[in-house]
Amino acid sequence: MKTIDFILNGKPIRSELSADRRFLDVLRKELGLTGAKEGCGEGECGACSVLLDGKIVQSCILPLASVDGKTVMTIEGYKKTKKFKAIETAFLKEGASQCGICTPGMVMATEYLLKNNPAPSYDEIRHGLSGNLCRCTGYNMIFNAIRRAAKEGEGLW
Amino acid sequence: MVDNVIPKSLDEALEHLAKGDYQIINGGTDLMVKNRAWSETRLDFKKNMLYVRSLEALDYIKRENNVLRIGATTSLESLLYHEHVPSVMKECLHLFASPAIRNMATLSGNIGNASPAGDGLLITYLLDGVIVLVNAEGVRKVRINDYVKGPGTTDRRSDEMIKEIQLHDDAFDYTVFNKVGGRASDSISKTSFAGAVRHEKGIIKDIRIAIGAVAATVIKDKSVEHMLRGQSIHQLKEKIPQILEAYEPHIQPIDDQRSNRSYRKKVAMNLLEAFLRQIASKE
Ligand SMILES: Cc1cc2nc3c(=O)[nH]c(=O)nc-3n(C[C@H](O)[C@H](O)[C@H](O)COP(=O)(O)OP(=O)(O)OC[C@H]3O[C@@H](n4cnc5c(N)ncnc54)[C@H](O)[C@@H]3O)c2cc1C
Ligand code: FES
Ligand code: FES
């Protein structure tokens, strides 16, 4: 039996599921991790964002095959980090989350942005978050929250 | 049932391709969307699938003088931040989808998709790309204009895969990339334009023009480019109406849900003229 092996939030996983399964379904249905959400299902909205070897990807268009031998971090794993705390606090202070559907994806996109650019300009934040849509907040609160997270979490990234 | 293979080496991938009925899937950002099924149900793949995206041996960016060699599994995001990548390509990649898509998507996938609106394809035409194909027997090189046969069709044989893309850069003085679409990024181009020029003491040494999404494939007219090489900027300025006339018959856009024919044609001609006038202003 061919298996697909990967590290998920620090734990090794061996999967016997078919390689053409959408990774989002594997997370939500098979592994019970419902933090990543399904918005559009076609790569446009970012609600399903996860980190694959530290890089943001959309899990709704990620075949299970693509995680073989790799490391995946979802919001459930990221929640345990100090960086998450900094982002969470900033999102709360700026009112950057309303219904919350986009929030896990926004947080993953923030991590990917700040890891590569700890002090982004407003334009760089907009560019970094260009794959994540929000129907509630109108973005300014989210961009402000990211600026705040970068400032108040200085030294973490 | 379809077979799913994750090859561990290029040789293993080529062995499967030699059997003839495997579809290559790379980043999957086109194929996963095209074969989308309802959530939680299986994808609608009709063929055996060969997942090549994790082949590390094809993940590279190298430069030898003016030739940029891009391995087939290199992500667009790596290209965007790589020192060897020319600025006109970076401008294009900056507006290409989003970081999450760029982390999976590849240039070989964009070329394999062969959409006339493909942004990576436009740059591959602009930089006179050569596609390096490989099968179990060996390697074959094909120029991009011979490789793309029409929307969605290429010269690839069923046992071959793209191994590398070779782009021919130059020390350009002035380049432009324009993408006219619904949103700035993350949208399919209605019309796209890329131009590059190198001049020395008022003489045009190299000029390249590529126009996307306005015909069955990207438009690049080498005869016009050759005609302009060696001419002075002043001569180019005088020839602008003539140059526009030469491109005009190539521009045959279609009406579709994204835009209409006459709008696209007008935009393409305007972008071309603006590029030529910019060069002329450097006289
Ligand atoms: C939200 C979203 C936004 C997008 N925005 C843009 C955009 O701004 N501009 C744009 O041009 N495109 C865009 N796209 C389309 C897509 O991301 C690109 O075409 C991308 O470059 C495809 O690369 P891939 O590796 O994911 O291809 P895949 O989906 O894996 O493959 C695409 C095709 O290429 C073939 N192929 C792949 N690799 C090889 C190889 N090595 N040898 C031979 N054939 C091969 C496959 O068989 C298939 O036919 C977008 C897609 C999404 C989902
Ligand atoms: S659900 Fe994956 S990008 Fe929208
Ligand atoms: S908070 Fe509701 S979609 Fe962003």
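## Salt bridges across the model

Over all chains, the count of salt bridges comes to 33. This is a predicted model, so please read every value here as computed. As a bit of background, side chains of opposite charge can pair when their charged atoms come close.

Let's begin in chain A. A salt bridge joins the side chains of A:Asp25 and A:Arg22, at 2.9 Å from N to O. Are these two residues buried or exposed? A:Asp25 counts as buried because its relative accessibility is 3%, and A:Arg22 is buried at 3% as well.

## Bridges that link parts of chain B

In chain B, B:Glu164 and B:Arg69 form a salt bridge whose closest N and O atoms are 2.8 Å apart. B:Glu164 belongs to strand E10 (residues 161–168) and B:Arg69 to strand E5 (residues 67–71), so this pair ties together parts that are 95 residues apart in sequence. B:Glu164 counts as buried, at 2% relative accessibility, and B:Arg69 is buried too, at 18%.

Another bridge pairs B:Glu248 with B:Lys265, with 3.1 Å between the closest N and O atoms. Here B:Glu248 sits in the loop between H10 and H11 of chain B, while B:Lys265 is in helix H11, 17 residues apart. B:Glu248 is partly exposed, with a relative accessible area of 35%, whereas B:Lys265 is buried, at 19%.

## A kinked helix

Where does helix H10 of chain B have its kink? Follow the helix through residues 233–247 and you will find a kink of about 60° at B:Lys239, shortly before the proline B:Pro241.

B:Lys239 is also one of the buried residues of H10(B), together with B:Ile233, B:Leu236, B:Ile240, B:Ile243, B:Leu244 and B:Tyr247. The buried residues of this helix pack against strands E12 (191–200) and E13 (203–212), and against helices H9 (222–228) and H11 (261–280), of chain B.

## The nonpolar cores

The largest nonpolar core has 69 residues, and those with the most contacts inside it are A:Phe23, A:Val67, B:Met89 and B:Ile111. Helix H7 (residues 119–126) of chain B gives the most to this core, with five residues. A second, separate core has 30 residues, among them B:Tyr174, B:Ala215, B:Leu236 and B:Leu271.

What does B:Met89 touch, leaving aside its neighbours within four places in sequence? B:Met89 is in contact with B:Ile70, B:Leu79, B:Leu107, B:Ile123 and B:Leu167.

## A buried serine

A:Ser66 lies in the loop between strands E4 (55–58) and E5 (71–73) of chain A. This serine is buried, with a relative accessible area of 4%. Not counting residues up to four places away in sequence, A:Ser66 touches A:Leu52, B:Ser54 and B:Met104.

## Aromatic rings

There are six aromatic pairs over all chains. One of them, A:Tyr78 with A:Phe84, is edge-to-face, at 6.1 Å centre to centre and 85° between the planes. Both A:Tyr78 and A:Phe84 are buried. In contrast, A:Tyr139 and A:Phe143 are stacked because their planes are at 25°, with the ring centres 6.0 Å apart.

The charged end of B:Lys62 sits over the ring of B:Tyr60, 4.5 Å from its centre, and B:Lys282 lies over the face of B:Tyr174, at 4.3 Å from the ring centre.

Notes:
Residues numbered from 1 in each chain as written. Chains lettered and ligands numbered in written order. Predicted model: local features only at pLDDT ≥ 70, side-chain atom pairs only at ≥ 80, totals over all residues. Heavy atoms only, no water. Bend = angle between axes of the 7 residues up to and from the residue. Helix = DSSP H or I, 4+ residues; strand = E, 2+ residues; numbered from the N terminus. Buried < 20%, exposed > 50% of the residue type's maximum accessible area, 1.4 Å probe, protein only. Contact = heavy atoms within 4.5 Å. Core = buried A, V, L, I, M, F, W, Y, C linked by side-chain atoms within 4.5 Å. Salt bridge = Lys/Arg side-chain N within 4 Å of Asp/Glu carboxyl O. Phe/Tyr/Trp six-rings, centres within 6.5 Å; stacked < 30°, edge-to-face > 60°. Lys NZ or Arg CZ within 6 Å of the ring centre and 35° of its normal.
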